[in-house]
Amino acid sequence: MSEQLGTSGLILNEPLLWHKGKPGRIGMSIPTSDVPAAAIAAELLGPAVDFPDLSEVDVVRHYTRLSQWNFGVDSGMYPLGSCTMKYNPKTNERQAATPEIAGAHPMLADTLAQGTLRILFELQQFLAVITGLDAVSLQPAAGAHGELTGMLIFHAYHRSHGAQRHKILIPDTAHGTNPASAALCGYKAVPVPSDAQGMLDPALVASLMDEDTAGIMLTNPNTLGLFEERIREIAAIVHAKGGLVYGDGANMNAVLGVIDAKRCGIDVLHLNLHKTFSTPHGGGGPGAGPVCVTRALEPFLPVPRVVMDGTAYRLDDDQPQSVGRVHAFHGNFGVLVRAYSYILSMGEAGLKRASQLAVLNANYIKEQLKDVLHLPYDRPCMHECVFSDLWQQEYKISTVDMAKRLIDYGYHPPTIYFPLIVHGAMMIEPTETECKDDIDQFIATLKTITQEAATAPELLRQAPQRTKVRRLDEVLAARSPCLIGPSGDGDQ
Amino acid sequence: MKELNALHLPNDIGYTDDHEWARITGETVRIGVSDYAQDQLGDIVFVELPAVGDRFAKGDEFGTLESVKAVSELFMPMSGTVVAINTALTDAPELINQDPYGAWIIEIKPSASEEYAQLHTATAYLDLLEG
Amino acid sequence: MRYLPHTPEEIASMLATIGQESLESLFDTVPADCRMTNPWPLPAPQSEWELNDHLRHLAGAMGVNQQTKVLVGAGSYQHHIPETVRSLAGRSEFLTAYTPYQPEMAQGTLQGIFEYQTLTARLLGMDVVNASMYDGASALAEALLMGLRIAKKKKKVAVSRAIHPHYRAVVRAYLQPTAYEVVELDVLADGRTDLSGLAELEDIAAVALQSPNFFGVIEDLESAAVAIHGIGALCITGFTEPLAYGLLKNPGQCGADIVCGEGQSFGIAPSFGGPGLGMFGCREPFTRNMPGRLVGETKDLEGRRGYVLTLATREQHIRREKATSNICSNQGICAMTAGMYMASLGGTGIRQLARLNYDKTQYLKAVLSKAGARIPFASPVFNEFVAEFPQDFKPVRERLLAQNIVAGLELGPFYPELAGRYLFGVTETIAKHTMDTIAAEVQA
């Protein structure tokens, strides 16, 4: 291995905001008033807000130091399975910050908002083309919000067909958001176990599907990183009983230009723009979770729809079958602009190549690590691969120890302990934006760690040692929750 | 995790498939979870208790135990009415980890005392765990 | 393509390592009948410079520009954003991180969110604030669902008609498939919510008000909380303009149990309505019923202060269909941004800025009244108010638009009974001379 990536550097301590500052300081320029002071009734007035007073320099140093305790895609490889932590292009940030666009009020008349409406309209079209589906709503603010919207559409569809249904099929490999989203619509989740190959069995789906079941929610490629090869057969079974097929697009980065969701039999699909379409995840969000549907389900999409009449774009609220509104305005518009910018930068060939390289990188890692890490499903994978800690158990080393040791070497760990059906799962998703050199170094590092597991297991159990803090006491945090700082706890 | 032969399984209580135990204390029955259950769950951080006066049938969910990353539902080993809850667990859920048989969770007045006989003995419960 | 680093030689060598012939053969497990066969009619890929031109062109298609004065609030507010906030929130260590699942390498995000939770709790007078919801509308829907969970057997919630119409639409969409019923409470002649019928309502789990409400009117939250608690319901208060609490009594002080609203005002650009920030807080006994992520303080192996995501057993990845919400991704960087903004203002600054918004709004109200407008709602307002004009306001509004001023929002589409009345929003970005111009046009 060439020079190791992880090293120790100077990290500065930084107190909590309210342990800094002095009363009377201010960190922001406030305009001088050009109007007379107005009277205000005493009974309306609140007490002074207990915020610390900080100067501009106090604020800048505070957050700069905090940022240095963080690790992002810009810092290094972030192979967090199911999260598609690809590079977030800088130009996307610039485009979203275009003053007329970032400054646009959401309730401007359509005639004043032709630029922003055009972005929405064109992005809808792009996503329809890319998924193979017919109509798109950009309102959902995140993947789970897209799932909820999808379930609202299922519900509205069945109601329009006269009979409400009460159950929904969800594979045991699904993200927790799937059953939680379905539950919001009153659907009882019926788990569908996957078979020994990690796939859904159409015969099992057929035995569970009935006329009280609204449909199925599935993720394809599934959360084991495998393509559900019998999806058309499964969709046909569900459709034959009057059900609908929901596709969780969390893993779309594997199959851009490869699959056509409509040909797969999918009726509703959500995309995660903060995964597949390169928008940054912001340490938790915002994301965007557009839903794409077949022509038959278009009337149920949220309002307002963005439409074009001849040459002008406008918002259309007149959709009597619509599920209604799921966002105060037009969704996470700034995120949508970033995805729009990404699609325009990549074009058809670039997007298709991205999936090919994402899958190449994952298979390359799988092949090179399967001698040192147990691979529960040894078959060609899509954009991610799932190992387990089975072979490290004899050293009393578990997945979390290997993950924490990766931190000391300068990598963000993979997703761990998901999917739930693999004991001690370690799910690696390199994405297409990692180059071969970096992937080779990552592979070499994980090989070193599996050797250390045998020869120096304490190094793993004690990891990480190079970070600002070491392993944190999550039991203490949950037993005696301290969720906000104590009030009056400052220098003020 | 403990080896199965290291588990403490007292003989004077009855066990369920879901790892609760029941102990007859005169007119009432105390209910808790087994050493196996607390060991599997790890550090318990929260106990959700029912209210005194709540009535449950055998097999009903009466509360939950939470660790940092898991929630485990609690099921009635016998039918009855809750006459007491162990409020000490609210501030110190770790008592269940420390002494699973001392740290009872609820006390009930059973409505069908004969159900006790249907619970597993310690030996039968260990056989069950050994599968 | 500059984001794709693989050279042809590298691709060949990697394919050889895994025993595949081509990039296409990687997808052999995908059946032919699932394949995408249509070409994509997407525009040709654009260089960075072409993309800049394209977005500039779209910006030019807007009827507003950087100089336009928009006197509309209604859930989205144009406030000055300090360059520090813009620059710090754009730091890629924050921006390009995922959810802090590995706390040792995410302490920046975690401490920052803990500080956001704390400052927001102090602002709203709540015991607990979560790490964010999508927006003010979904936060309200989730608050009502939380109220129904806490009340267990009750089947109805009541919401004021003075809550933002879009928020009420989202509430209807969220509750539509459930067995719960949403009752709407009317607005009184003074612009406040009519709570007089509350006592006759039965089976109500929670009642939601917005203050300042959609008309800018400051509700009498103290009396409302007493009335709501009087029927055994939870008091939920919403907001679209958190800056108001820099000046006004906060909801916690007034007796609210759950507080939720939109935090876009705090350093986040309007951006055509998103991303914004769903702020969400409650009183301590309800913590375990809350939706969303929570950051908590703890210690590391060596006893040092540190932060983790905690009480996660409420959430979907653990409790699945029994979770308190399906939310996963939230509005993390927006919460960080709001924290930065609150830190920049400080206790002294937020009072001063809130006061300035209040004073300017009172000024516009006064000059419009003087110019002949009527203010139909007599109750006090913060930085928005409703006005009605002696003559048709449309031509005046057109003339003002020609002077690059967007004067108010017509209420007819939202409240047919208020057709012809306009909702004005005034922030510190609106100068006196702009307001004088509007008054002069009204008089002309």
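Across the interface of chain B and chain C, there are four salt bridges, each being a side-chain nitrogen of Lys or Arg within 4 Å of a carboxyl oxygen of Asp or Glu. One of them joins the side chains of B:E73 and C:K322, at 2.6 Å from N to O. On the side of chain B that touches chain C, β6 (61-66) and β7 (71-75) each supply at least two residues; strands here are DSSP runs of E, at least two residues, and helices are runs of H or I, at least four, numbered from the N terminus.

This is a predicted model, where local features need pLDDT of at least 70 and side-chain atom pairs 80 or more, while totals for chains, interfaces and linings use all residues. Residues are numbered from 1 along each chain as written, chains are lettered from A and ligands numbered from 1 in written order, and side-chain values use heavy atoms, without hydrogens or water.

Now for the rings: the whole structure holds 28 aromatic pairs over all chains, meaning Phe, Tyr or Trp rings (six-membered ring for Trp) with centres within 6.5 Å; planes under 30 degrees apart are stacked, over 60 edge-to-face, the rest tilted. A:F277 and A:Y342 pair edge-to-face, 6.5 Å centre to centre with 85° between the planes. A:F277 sits in the loop between β6 (268-271) and β7 (291-293) of chain A and A:Y342 in helix α10 (residues 333-369), so the pair ties together parts 65 residues apart in sequence.

Over in chain C, ring pairs link C:F214, C:F215, C:F377, C:F414 and C:Y415 into a cluster.
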